[in-house]
Amino acid sequence: MKLLLAIVNNDDANYVNTGLSKSGFMVTKIASTGGFLMSGNTTFLTGVQDDEVDKVLEIISHFSKKRTVPIPADPVYNPASISTIPAKVTVGGATVFVLNIERFEHI
Ligand code: 2BA
């Protein structure tokens, strides 16, 4: 069994949630914050059988878009922000960690 921990852009989170739920996967959503942009994202926890991992990754990938976003203008952690052209980073699709589950109990 595996635990997938998927960090998804807030704008894609409802689509990912619906996609996973409609395919029968149990999902827990956690409101999270990216340490670099310091803006909200959504972390999904999904426990699945080993042979279901690829299907979950496919659904997450299908609904998670890549986007370019400006880095907030804060000269302390973004020296480039003193330029008139905002620095940008590419965010997403999704960041996914796949962890081995030693034991699972649903009590
Ligand atoms: P943030 O930490 O807010 O990062 C947003 C985007 O900023 C990242 O997109 C990446 O393009 C860029 N970025 C992050 N740290 C950077 C740095 N030190 N220098 C330059 N650019 C940097 P993604 O890679 O798609 O990550 C989206 C979100 O996924 C991240 O939001 C963070 O919440 C999470 N994440 C990504 N990689 C992670 C990791 N290895 N461990 C834990 N969380 C991760």
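What pattern does the protein chain follow, read along the sequence? The pattern is β-α-β-β-α-β-β-β.

**Before you start**

This is a predicted model, where local features need pLDDT of at least 70, side-chain atom pairs count only at pLDDT 80 or more, and totals for chains, interfaces and linings use all residues. Residues are numbered from 1 along each chain as its sequence is written, and side-chain values use heavy atoms, with hydrogens and water left out.

**Stop 1: the whole chain**

Show the protein chain as a cartoon. You will find 2 helices and 6 strands. Helices (H or I, at least four residues) and strands (E, at least two) are DSSP runs, numbered from the N terminus.

The accessible surface of the protein chain comes to about 7200 Å². Carbon and sulfur atoms hold 56% of that surface. Accessible areas come from the Shrake-Rupley method with a 1.4 Å probe, and for residues only the protein chains shown count as cover.

Of the 107 residues in the protein chain, 28% are buried. Buried means under 20% relative accessible area, exposed means over 50%, and partly exposed lies in between (1.4 Å probe, protein chains only).

Turn to contacts, meaning heavy atoms within 4.5 Å. Take those between residues at least 6 apart in sequence: 66% of them join residues at least 24 apart.

**Stop 2: the ligand**

Which residues are around the ligand? They are I7, G34, G35, F36, L37, N41, V89, T90, V91, G92, T95 and F97. A residue counts as near if one of its heavy atoms lies within 4 Å of the molecule or strand in question.

Colour this shell by type. It divides into 6 nonpolar, 6 polar and no charged residues. Here Ala, Val, Leu, Ile, Met, Phe, Trp, Tyr, Cys and Pro count as nonpolar, Asp, Glu, Lys and Arg as charged, and the others, Gly among them, as polar.

Next, pick out oxygen atoms of the ligand. A polar side-chain atom of N41 lies 3.0 Å from a ligand oxygen. At T90, a backbone N or O atom lies 2.7 Å from an oxygen atom of the ligand. At G92, a backbone N or O atom also lies 2.7 Å from an oxygen atom of the ligand. On its own, the ligand has 750 Å² of accessible area, and the protein covers 52% of it. The elements that give two or more residues to the shell are β5 (88-91) and β6 (94-100). The largest share, 3 residues, comes from β5.

**Stop 3: two loops**

Stay at G92 and step to G93. The peptide bond between them is cis, with omega near -10°. G93 sits in the loop between β5 and β6.

Then select M38, in the loop between β2 and β3. M38 is not a glycine, yet its phi is positive, about 55°. Its relative accessible area is 54%, so M38 is exposed.

**Stop 4: the salt bridges**

Side chains of opposite charge can pair when their charged atoms come close. A salt bridge here is a side-chain nitrogen of Lys or Arg within 4 Å of a carboxyl oxygen of Asp or Glu. How many are there by this rule? The count is 3 salt bridges.

Begin with R67 and D12, whose closest N and O atoms are 2.9 Å apart. The pair links distant parts of the chain: R67 is in strand β4 (residues 67-70), D12 is in helix α1 (residues 10-22), and 55 residues separate them. D12 counts as buried because its relative accessibility is 4%.

Move to K55 and E58. Their closest N and O atoms are 3.8 Å apart. Both lie in helix α2 (residues 53-63), 3 residues apart, about one turn of the helix. K55 is partly exposed, at 38% relative accessibility.

Finish with R103 and E105, which meet at 2.7 Å, N to O. R103 is exposed at 65% relative accessibility, while E105 is partly exposed at 46%.

**Stop 5: two threonines**

Is T46 buried or exposed? T46 is buried, with a relative accessible area of 2%. This residue lies in strand β3 (residues 40-48). Leaving aside neighbours within four places in sequence, T46 is in contact with K2, L3, L4, L20, F25, M26 and V27.

Last, select T28 in strand β2 (residues 28-33). T28 is partly exposed, at 42% relative accessibility. Beyond its neighbours within four places in sequence, T28 is in contact with T43, F44 and L45.

Technical notes:
A polar contact is a pair of N or O atoms within 3.5 Å; within protein, one must be able to donate a hydrogen and the other to accept it, and residues adjacent in sequence count only if both atoms are side-chain atoms.
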